[in-house]
Amino acid sequence: MNTFAGSRPDLREAPALWIGGTVLFVFAWFLLYRQLVPFSEWAVAHLPVDAGSHLGESVKFFIYDTPKVLMLLTLVVFGMGVVRSFFSPERTRALLAGRAEGFGNVAAAGLGVFTPFCSCSAVPLFVGFVSAGVPLGVTFSFLIAAPMVNEVALGLLFALLGWKVALTYLAFGLTLAIVAGWVIGRLHLEGWLEEWVRNVRATAVSLPQERLSIVDRLRAGVDAVKEIVGKVWLWIIAGIAAGAFIHGYVPNELLATIMGKDSWWSVPAAVLLGIPMYSNAAGIIPVVEALLGKGAALGTVLAFMMAVIALSFPEMVILRKVLTTKLIAVFIGVVGTGILGVGFLFNALFH
Amino acid sequence: MKEVKVLGPGCARCKATEEMVRVQAAKLGIQVKVEKVTDYAAIAGFGVASTPGIVVDGTVVHAGGLPKPEDVAKWLAA
């Protein structure tokens, strides 16, 4: 393995090259990003469709949004990959074990945003947390915050809808995770876990402390881009296509009536509609952008988005391995109520 | 003979990790007995919260994400 180590240092490991490469990449990114609007205008002007027609509007939306969303996502995921190299699930668990509720819920929700884990790890993670003595409510705060306030959703909201919406979303997502976890903890439902989960006793493992170099961390960012953008790009293009269709063809009055802020039932309807849908933030946010442009109310649209992300049916099927049906029902009830609250509140605030 | 356990419920990365262990062991000419642990209770029993995890001769050496091939070689050779 180390045959060349003595004679010639491996260039792929040189910190200067990695840091320089990153700076260059970010610089090129901004240059390219600034060309998107002129480019899309140029492209649309040269298309054989009438610019003012329905089709023209749709095509314009698609041509502008596709590179924009993909570029923003790449940058955000890269940054998040680097940040996440500082947190591991095992370390998070050690931080949370034995924490009192209350503060524990707040810490869990915060860590949920940054701790990386793939969806196939959700069950081992859950079992690992509970068996290591992390209170059930605190574990739930973590499990709710992790998908809800993910880097993709936050980055896209910031890019497409501005920092106010992104920040409010972050605040409400965290609050929801904290309160819902706290409520579940108060209900003392440990008995509603599947029996084998209660019986697992975890041994605290001390992994050899890996000292990650700056190159390792930057590489973690690149890996995150390869993995996440590699997986969601199709969803994004599908989402933008749906958004483009809405943008070009759906009449304003229709959406303003169905999803507008004057129809109180639109928020619960949006939540119910969102649960069986399985998408991820990447596919849903371009649709959100188009809906908002058509006069849909922000609270209604965000409630829909949160329901899609946090209450997805496949996620429940996975959780069924560790939770009894009763506990899943409580989980859906508490989180669903929270999302309704967020929806109504947003509609009232952004009038 | 090294006893290696690959912890993971069976996602793509867990399979890739198992493959990596076999490939590296063959490269180094080390005899290994690879066992896959898919039972959640057993995985949690090792204290691993993020999969795939690797256990060499009873000691957890890795948890979470694909390991680097050179690290796998290092653990096997140790």
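Hi everyone, let's start inside chain A: the largest cavity is lined by A:Leu143, A:Ile144, A:Pro147, A:Ala310, A:Glu315, A:Leu319 and A:Phe331. A cavity here is a set of points on a 1 Å grid over the protein atoms alone where a 1.4 Å probe fits but cannot get out, and lining residues have an atom within 4 Å of a point.

A quick word on the source: this is a predicted model, where local features need pLDDT of at least 70, side-chain atom pairs count only at pLDDT 80 or more, and totals for chains, interfaces and linings use all residues. Residues are numbered from 1 along each chain as its sequence is written, chains are lettered from A and ligands numbered from 1 in the order in which they are written, and side-chain values use heavy atoms, without hydrogens and water.

Helix H7 (136–148) and helix H16 (313–319) of chain A each give two or more residues to the lining; helices are DSSP runs of H or I, at least four residues, and strands are runs of E, at least two, numbered from the N terminus. H7(A) gives the most, with three residues.

A:Phe331 turns up again in the largest nonpolar core, which has 90 residues; with A:Phe126, A:Tyr169, A:Met305 and A:Leu323, A:Phe331 touches the most other members. Such a core is a set of buried Ala, Val, Leu, Ile, Met, Phe, Trp, Tyr and Cys residues joined through side-chain atoms within 4.5 Å, buried being under 20% relative accessible area, exposed over 50% and partly exposed in between, with a 1.4 Å probe and protein chains only.

What is A:Leu323 in contact with, beyond its neighbours within four places in sequence? The partners are A:Phe126, A:Phe140, A:Trp192, A:Leu193, A:Glu194 and A:Ile328, where contact means heavy atoms within 4.5 Å.

Now to chain B. UniProt, in an unreviewed entry, places the feature "active site" at B:Cys11 and B:Cys14; such annotations may be inferred rather than shown by experiment, feature names are shortened, and positions follow the numbering used here. B:Cys11 sits in the loop between strand S1 (2–7) and helix H1 (12–28) of chain B, while B:Cys14 belongs to helix H1. Are they buried or exposed? B:Cys11 is buried at a relative accessible area of 13%, and B:Cys14 is buried at 0%. Leaving aside neighbours within four places in sequence, B:Cys14 is in contact with B:Val6, B:Gly8, B:Pro9 and B:Pro52. Thanks, everyone!

How values were computed: On a 1 Å grid over the protein atoms alone, a cavity is a set of points where a 1.4 Å probe fits but cannot get out, and a pocket is an open set with protein on both sides within 12 Å along at least five of seven lines; lining residues have an atom within 4 Å of a point.
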